[in-house]
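Please look over the sequence and the model before reading on.

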Amino acid sequence: MSVQQVSVFVENKPGTLSDLMKLLKSADVNMRALSLAETQNFGIVRLIVDDVVSCTDVLKRNDYVSSLTPVIIVAIPDVVGSLSDLLTVLQDAGINIEYMYAIPGKKNVDDAFMIFRISDEDKAEKVLTAHGYHSISQDEVATL
């Protein structure tokens, strides 16, 4: 089960990220995760948000270039070696990871959450489920 990641293209210059965050704040969009990839001239801000529709609407109305990308969020125990175990499961199944980043668990939660852009989502979901992993749905994002 995939979640929609919002990818926003921004110039790589002072204040750009701050302006984006102020815009999302004004629209009451709550971020659950953020990843920033950059080059010399521009960056891609990858966001997991509680309300994808509000986020993409405010971005469009303010002339930001953005796109939606399906990603998988997997809950893993917040203990040493959990990520290694999960990556081994994916490797053994021949599943390629294009990129990943994390959401730490809350203080009262025993899990951390890994966000994956994976080459074959359907296969990954089947393999992960078969190995006892739980994928987070879009509706569950707001609870993270």
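How many salt bridges does the structure hold? The structure holds four salt bridges, a salt bridge being a side-chain nitrogen of Lys or Arg within 4 Å of a carboxyl oxygen of Asp or Glu. The model is a predicted one, in which local features need pLDDT of at least 70 and side-chain atom pairs count only at pLDDT 80 or more, while totals for chains, interfaces and linings use all residues. Residues are numbered from 1 along each chain as its sequence is written, and side-chain values use heavy atoms, with hydrogens and water left out.

**Salt bridges**

| Residue pair | N to O distance |
|---|---|
| Glu11 and Lys13 | 3.6 Å |
| Arg61 and Asp57 | 3.0 Å |
| Arg117 and Glu121 | 3.5 Å |

Through salt bridges that share partners, Arg117 and Glu121 are joined with Glu98 into one network. Arg61 and Asp57 both belong to helix H2 and lie four residues apart, about one turn of the helix. In general, an α-helix has 3.6 residues a turn, so residues three or four places apart point the same way.

Arg61 is exposed at 54% relative accessibility, and Asp57 is partly exposed at 39%. Lys13, at 47%, is partly exposed.

**Helix H1 and its surroundings**

Helices (H or I, at least four residues) and strands (E, at least two) are DSSP runs, numbered from the N terminus. Helix H1 spans residues 16-26, and Thr16, Leu20, Leu23 and Leu24 are buried in it. Seen down the axis of H1, these buried residues fall within an arc of 95 degrees, so they line one face of the helix; the arc is that of the directions from the helix axis to the C-beta atoms. The face turned away from the buried side carries the exposed residues Lys22, Lys25 and Ser26.

Against which elements do the buried residues of H1 pack? They pack against strand S1 (3-11), strand S2 (31-38), strand S3 (42-49) and helix H2 (52-61), where contact means heavy atoms within 4.5 Å.

Strand S3 is mostly covered, with seven of its eight residues buried. Two strands are said to pair if DSSP finds at least two bridges between them. S3 pairs with S1 in the antiparallel sense over six bridges, and Phe9 stands opposite Ile44 of S3. S3 also runs antiparallel to S2, to which seven bridges join it. Met31 stands opposite Val49 in S3, and S2 and S3 form a hairpin with three residues between them.

Phe42, found in strand S3, is partly exposed at 39% relative accessibility. Together with Phe9 and Val65, Phe42 makes a nonpolar surface patch of about 270 Å². Such patches are made of residues with over 30% relative accessible area and no salt bridge; like charges are joined within 9 Å and nonpolar side chains (Val, Leu, Ile, Met, Phe, Trp, Tyr) within 5 Å. Accessible areas come from the Shrake-Rupley method with a 1.4 Å probe, and for residues only the protein chains shown count as cover.

**Helix H3**

Which residues of helix H3 (residues 82-92) are buried? The buried residues of H3 are Ser82, Leu86, Val89 and Leu90. They cover an arc of only 95 degrees around the axis, which puts them on the same side of H3. On the other side of H3, Gln91 and Asp92 are exposed. The cover of the buried residues of H3 includes S4, strand S5 (97-103), strand S6 (111-118) and helix H4 (121-130).

**Positive phi values**

Most residues other than glycine have a negative phi. Asp28, in the loop between H1 and S2, has a positive phi near 60 degrees, and is exposed with a relative accessible area of 67%. Asp63 has a positive phi of about 65 degrees although it is not a glycine; Asp63 lies in the loop between H2 and strand S4 (65-77) and counts as exposed at 71% relative accessibility. Following H3, Gly94 has a positive phi near 75 degrees.

Conventions
Buried < 20%, exposed > 50% of the residue type's maximum accessible area, 1.4 Å probe, protein only.
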